[in-house]
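The sequence and the model are shown first, and the description follows.

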Amino acid sequence: MSSARERVFANLHAAMQRGGFKVPETGTPLPLTLSRQERIDRLKTLMENMHTEVYVVKADDWLNVLKELLRQRSLNGLVYGPGTPLAAALEPSWENDLPPLIPYNEEIEQFKDRLFAIDAGITTTRGGIAETGALILWPDAREPRLLSLVPAVHIALLQADTIYNTFAEAMNSERWQEGMPTNALLISGPSKTADIELVLTFGVHGPKELIVLIVD
Amino acid sequence: MTEQALVDFRANFAKALNDKQLRRNLTKAMDSLRLKRKAVFADKEALERLRSVGNAIRRRSLSKLPELLEKLEKKCTENGIQVHWAETKAEANQVFLDIIRRHQASRVIKGKSMVSEETHLNHFLEEQGVEVLETDLGEYIIQLDHETPSHIIVPAIHKNRDQIAHLFHEKIPDTPYTEVIEELNAIARKTLRQKFFAGEIGVSGVNFAVAETGTLCLVENEGNGRMCTTVPPVHIAIMGLEKVVEKLEDVPPLLRLLTGSATGQMITTYFNMITSPRKPGEKDGPREVHLVILDNGRSNILADPELRQTLQCIRCGACLNHCPVYTRLGGHAYGYVYPGPIGSILTPQLEGLQNAGTMAFASTLCGACAEVCPVKIPLTDILRLLRNKSYDTQDSPTAVEGHGYKKNVSEDLAWKGWTAMNTHPAFNTLSTRMLGLIGVHLPRVGPLKGWTSVRTAPKFAKKSLHQLAKERGLSDE
Ligand code: SF4
């Protein structure tokens, strides 16, 4: 008996023989070209509409804003990925009245118990998308995937210069097709559902809060 | 071959139409989904341009389907994703079971996947003693009540908060009764967190699979999909073989169309692109990723130039939300996994016309579905084509299974009579005169009873238009 693969392809090739495929030109969607400020504003507005807290902060001030935000909440810890420029900024300046800084420095098999018990996580981002309002994340060995998913509060740092007009622009100008990471993510807000009577509620399985600091 | 007894559409439809609660729940929800879609696609010109792009991308993908699937397999394999092929539902389910057994696992957590509904994966695995837990809130709700999805995007839309409140209170241990939606969500979050933590195998569907890079794309709002594809050590994704697209740049337009058409969102909370299992040095993500590619009749659908447009579908559910039949019946009455207009064109082709052909008749052909379809599938044309094929006994290489099942002598005779009546003037005059005289009594008996039992029977004029015109001295021209 032939394998499932062989049978499927035999069927497919037989179907192709029938021909009659008409393929129109693909064309392009209406373009979107915004100024730098417009991109920041649009991303901010759209993400705020989706219940994200967005702050536009100066490069020398973001750490203070972050600390202030953390002090306003009672959090049992802030988990982060060691080895990034973000980590290099956080580690030396951490203060005692802040929630303890916890490095994600083991594999999930060992770290799972702790990770599922920490209130907040912080990550960098690779960029943003103005058109739809979203962050781009490429988690990696230093900043694991679950940092932005398991803790109830996700804080993300976004460089204003990396906000693209559209998703297409982001992937084309960075040539994503030449090498995709293990996992690439777009995130547009805290997790949400409308599965009961279409009533929108935030904070289902992922973070209940998303806080974005746009460093301008 | 069908796995279920023939669906009794008449009984199902009557039951659904008389269920006042269901009608209320559905009307409210569908009205809201339509308005949201309209708001997000307010710019008509932009939408039409986007739909043309979406249509072209999907047609291009289908025109190279075998080549793209080979490329996808090659790329995925290079990336470390293990690819499995399944011609039938049973083969697909067996692939899951083999992987689960190899890992001696018994706890499966699952993100939403309509293809896995198509293969009845949960039922199959549960019979083998494997615990399968749906984690999408809507899917979780219906699983608790041993139901199937009634909508391909919002699976529990037939239920309202009172019904869900009772369900949670009865089925989840130590759960107080509450009708507050936020509290119901919180209960689900708490219960499922433990399951994410302990899950051994994560299962997901696939919204788009990119051949160019071997990337699996998943669209979701809740985060349960990311949980299922990141926390457990093994991830198994399942897709219908039509889900492949050629290039990464094909993804953004389809994503816009999908989220906008489905729920009126610019973008979902998460767009999750998976290209490999955990690499050395990475601290989380599954160590194994498997991709199951299912045919289950799709390659046959590809053969017919008209019918193959069915495979362009990106499962957005807009055609359901805009369908006057679906919005009154809900999904369960259709009796098969895929309801509404897309279900009515897809199911008869997957299950055979002799089994599911009636679905092609569960439409008024109003055309709303084709008007909103983001990839421009001419749903009404396909419905009509399937209806024709139900009577077409001729065999051809692209014939749909069960074609000609409806052909019968009395209907043939009726249509022959109709033809005769309308082509021979003498017959025509006689029959219209007869109708004027006895027409009032006609529909109460015989096959027309079904129509008049719920509607006011038309009153036939005493004189036909033909007669009236003649009396006024109008000529025949
Ligand atoms: S047929 Fe079109 S409208 Fe219906 S689910 Fe598929 S893509 Fe959406």
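By about how many helical turns are Asp381(B) and Arg384(B) separated in helix α19 of chain B? The two residues are three apart within this helix, which covers residues 379–391, so about one helical turn lies between them. The model is a predicted one. In it, Asp381(B) and Arg384(B) form a salt bridge, with the closest N and O atoms 3.4 Å apart. Asp381(B) is partly exposed, because its relative accessible area is 42%. Arg384(B) is partly exposed as well, with a value of 40%.

Side chains of opposite charge can pair when their charged atoms come close. Over all chains, the structure holds 40 salt bridges. One of them crosses between chains: Glu197(A) sits in the loop between β10 (192–193) and β11 (201–202) of chain A, and Arg161(B) sits in helix α9 (residues 161–171) of chain B. Glu197(A) counts as buried because its relative accessibility is 19%, under the 20% cut-off. Arg161(B), at 28%, counts as partly exposed.

Another salt bridge joins Arg60(B) to Glu246(B). Arg60(B) belongs to helix α3 (residues 44–63) of chain B, while Glu246(B) is in the loop between β8 (244–245) and α12 (251–263) of that chain, so the pair ties together parts that are 186 residues apart in sequence. Both residues of this pair are buried.

| Residue | Partner | N to O distance |
|---|---|---|
| Arg60(B) | Glu246(B) | 2.7 Å |
| Glu197(A) | Arg161(B) | 3.0 Å |
| Asp381(B) | Arg384(B) | 3.4 Å |

Salt bridges also link residues into a network in chain A, made up of Lys67(A), Glu68(A), Arg71(A), Glu95(A) and Asp97(A).

**The interface**

The size of an interface is often given as the accessible area lost when the parts come together. For chain A and chain B, the area buried between them is about 7,800 Å², with 60% of it on carbon and sulfur atoms. Chain A gives 81 residues to the contact and chain B gives 101 residues. The rule finds ten salt bridges across this interface.

In soluble globular proteins, nonpolar side chains tend to be buried together. The largest nonpolar core here has 132 residues, and those touching the most other members are Phe167(A), Leu69(B), Phe271(B) and Leu291(B). A second, separate core has 53 residues, among them Phe116(A), Leu185(A), Tyr140(B) and Leu167(B).

Which residues surround Leu291(B), leaving aside its neighbours within four places in sequence? Its contacts include Leu72(B), Cys76(B), Ile81(B), Val206(B), Leu216(B), Ala237(B) and Met239(B). Gln82(B), Val83(B) and His84(B) are also in contact with Leu291(B).

Cys217(B) lies in strand β6 (residues 215–220) of chain B. It is buried, because its relative accessible area is 0%. With neighbours within four places in sequence left aside, the contacts of Cys217(B) include Val206(B), Asn207(B), Phe208(B) and Val210(B), and also Val251(B), Phe271(B), Asn272(B) and Met273(B). Cys217(B) and Phe271(B) are 54 residues apart along the chain, yet 7.1 Å separates their C-alpha atoms.

**A surface patch**

Met434(B) is located in helix α21 (residues 425–438) of chain B. Its relative accessibility is 42%, so Met434(B) counts as partly exposed.

**Backbone angles**

Most residues other than glycine have a negative phi, and most peptide bonds are trans. His51(A) has a positive phi, near 65°, and is a residue other than glycine. Its place is the loop between α2 (36–49) and β1 (53–57) of chain A. Arg315(B), likewise not a glycine, has a positive phi of about 55°. Arg315(B) is in the loop between α13 (298–301) and α14 (318–321) of chain B.

Is Arg315(B) buried or exposed? Arg315(B) counts as buried because its relative accessibility is 11%.

Terms used. Residues numbered from 1 in each chain as written. Chains lettered and ligands numbered in written order. Predicted model: local features only at pLDDT ≥ 70, side-chain atom pairs only at ≥ 80, totals over all residues. Heavy atoms only, no water. Helix = DSSP H or I, 4+ residues; strand = E, 2+ residues; numbered from the N terminus. Buried < 20%, exposed > 50% of the residue type's maximum accessible area, 1.4 Å probe, protein only. Core = buried A, V, L, I, M, F, W, Y, C linked by side-chain atoms within 4.5 Å. Contact = heavy atoms within 4.5 Å. Buried area = accessible area lost by both parts, 1.4 Å probe. Salt bridge = Lys/Arg side-chain N within 4 Å of Asp/Glu carboxyl O.
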